[in-house]
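Hi,

Here is the structure I promised to pass on. Have a look at it first, and then read my notes below.

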Amino acid sequence: MPTKGMAPRVLPRSEHPISRRNIDPDALKVLYRLKNFGYLGYLVGGGVRDLMLARTPKDFDISTSAHPNQVKRLFRNCFIVGRRFRLAHVRFGKKVVEVSTFRKLAEPEAGEDLLIKRDNTFGTPEEDAFRRDFTVNALFYDIATFSVIDYIDGLRDLESRTIRTIGDPGVRFREDPVRMLRAVALATRLSFSIDPDSVEAIRALRAEILKSSPARVLEELYKILRQGAARKTFEHLHEVGLLAYILPEADAALSRKGGELRASLDRLDAYRNEGLAAPDDLSTAVLGGTVLVPLGVSLKRAAVLAPARDHRREEAHRPQPPDPGAEARRLGVPEPEPEATMPATLALPFARRDLNQVRLVMLAQARLRAVHSDPTAVDLLAGRPYLEDALRWLEIHGAEEGRELALHWRSLDLAPATPGEVVLARDEPLDEAEAELAEAPRSTRRRRRGGRRRRGAANGAEAPETPAAVAVASDSGVADPNAAEAAEGSAEGGAPRKRRRRRRRRRPAETAGTAKVDAPEE
């Protein structure tokens with residue numbers, strides 16, 4: 001592997017397959033704006049790797065010589081995020097282009113632990129390449145010259161289809177243990193091999209994954225489930241010993257051959273590889289349920305013990321799903337409870353929102369399948385917040401019949417019913433409050449804006465109306481707050497409050513300079 005200070009290998013445009021036509025237009029806007037303002041701007045990471053392999057990248061990440069605050073000044077739609085690793089997110093609608101500043105490898109803090117907790121030491125493009133995780137992820141595409149820059153022989157490993165750690169694997173995996181998980185996932189997805197030194201380090205340091213944030217590990221697991229090679233990745237993680245520390249329940253199932261788990265992951269991979277859904281279309285509830293349901297985990301008990309707060313920022317403002325117990329009674333479907341073969345406390349922090357969503361998805365399956373025989377099924381499920389996930393589950397795990405049923409459901413009018421039109425399950429009568437609400441006519445009369453409450457009314461007694469208040473009310477039809485206050489003051493024995501004088505609106509005749517004509521008396 002080359003060392004620092006050596007000249008990089010540069011591929012001109014004629015020697016590589018990357019074309020600007022294959023780069024996201026918004027990422028190009030960011031690159032050109034950085035270039036026009038005098039900053040270096042490179043397309044980096046997995047985007048360059050995938051373009052070199054003639055694959056479609058999921059993300060287009062950018063590294064630049066501009067610091068985060070300088071990037072923010074260039075883009076009004078930019079937000080700075082992160083503490084351990086400060087990033088600039090440039091937003092284009094729902095799309096985010098991630099912009100990072102060139103960094104150098106951070107020095108570990110004092111002590112024997114090499115875990116990096118801060119990584120905001122800025123550096124040069126060469127230093128940025130050497131601090132990255134794998135050689136195939138350290139290639140740069142220069143928008144100014146349309147060339148590919150390689151500081152660490154990433155092109156050679158790309159040609160040999162090898163995942164190789166930059167530097168000593170034993171040190172790099174201790175700096176960030178999540179790299180072990182990424183190495184296995186990346187090699188499986190690209191059908192690459194992992195170099196022997198890295199495999200040996202993963203087997204020796206697999207317990208270090210427990211030092212990583214459980215939320216980060218869970219996000220990596222969701223990425224694995226979305227990539228279309230979930231079963232092979234789980235089996236590879238089981239072989240190197242990482243799965244036992246990440247998800248012990250799944251590791252134990254694979255040790256016993258785990259037919260149900262393998263079949264569930266196979267169905268998810270097939271659905272993903274057939275192009276029936278984009279990665280972001282698969283919710284975390286559907287992904288988590290694909291793993292937890294075949295394991296026989298008690299979702300009800302796990303939801304009680306799960307963290308109530310969702311660490312994902314994008315999920316913070318979403319409303320909580322309906323209570324599964326109440327929804328089971330509403331649908332008239334009992335919630336199945338598996339035998340307690342698995343512990344209720346899970347190693348990864350699956351959000352309570354997601355676990356309850358999986359419970360609702362499983363409850364809805366019976367009603368979804370009864371759409372042709374039960375006329376109330378559509379009314380019961382129309383507009384429910386879990387319906388889309390339930391249909392997605394039916395498409396993934398319901399075989400050909402499930403896909404046909406999901407197609408039929410999507411052709412129906414699934415707008416939410418109004419409160420008076422809600423149809424409950426059969427043999428479930430309305431209670432008194434619900435019956436009164438359903439039968440009460442909706443008033444079309446507009447509410448009047450009243451004045452300040454009188455003290456007598458506040459204490460439960462009706463205050464007598466004063467002549468001033470009655471006169472104002474009868475004249476305008478709406479109680480005047482100032483008149484009420486004056487009446488209140490006179491009723492208490494004090495002087496009435498001084499009313500605010502209103503300016504009289506001038507008549508058109510006066511504004512035109514004409515003489516005022518008195519109306520004849522009646």
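This is a predicted model: local features need pLDDT of at least 70, side-chain atom pairs count only at pLDDT 80 or more; totals for chains, interfaces and linings use all residues.

Arg 267 is partly exposed, at 35% relative accessible area (partly exposed is the range between buried, under 20%, and exposed, over 50%, with a 1.4 Å probe and protein chains only). Residues are numbered from 1 along each chain as its sequence is written, and side-chain values use heavy atoms, with hydrogens and water left out.

Back to Arg 267, which lies in helix 13 (residues 259-273); helices (H or I, at least four residues) and strands (E, at least two) are DSSP runs, numbered from the N terminus. What does Arg 267 contact, leaving aside neighbours within four places in sequence? Ile 396 and His 397, where contact means heavy atoms within 4.5 Å. The C-alpha atoms of Arg 267 and Ile 396 are separated by 6.1 Å, though the two are 129 residues apart along the chain. With His 397 there is a side-chain to side-chain polar contact at 3.0 Å (a pair of N or O atoms within 3.5 Å; within protein, one must be able to donate a hydrogen and the other to accept it, and residues adjacent in sequence count only if both atoms are side-chain atoms).

Now the aromatics. The structure holds five aromatic pairs: ring centres of Phe, Tyr or Trp (its six-membered ring) within 6.5 Å, with planes under 30 degrees apart counted as stacked, over 60 as edge-to-face and the rest as tilted. Phe 102 and Phe 140 make a tilted one, 6.4 Å centre to centre and 40° between the planes. That pair links distant parts of the chain, 38 residues apart: Phe 102 is in the loop between strand 6 (95-101) and helix 4 (125-130), and Phe 140 is in strand 7 (residues 139-142). Phe 102 is buried at 1% relative accessibility, and Phe 140 is buried at 0%.

Last, the packing. The largest nonpolar core has 108 residues, and Leu 225, Phe 234 and Phe 350 have the most contacts inside it; such a core is a set of buried Ala, Val, Leu, Ile, Met, Phe, Trp, Tyr and Cys residues joined through side-chain atoms within 4.5 Å. Helix 7 (residues 178-190) gives the largest share, eight residues. A second, separate core of 11 residues includes Tyr 151.

Cheers
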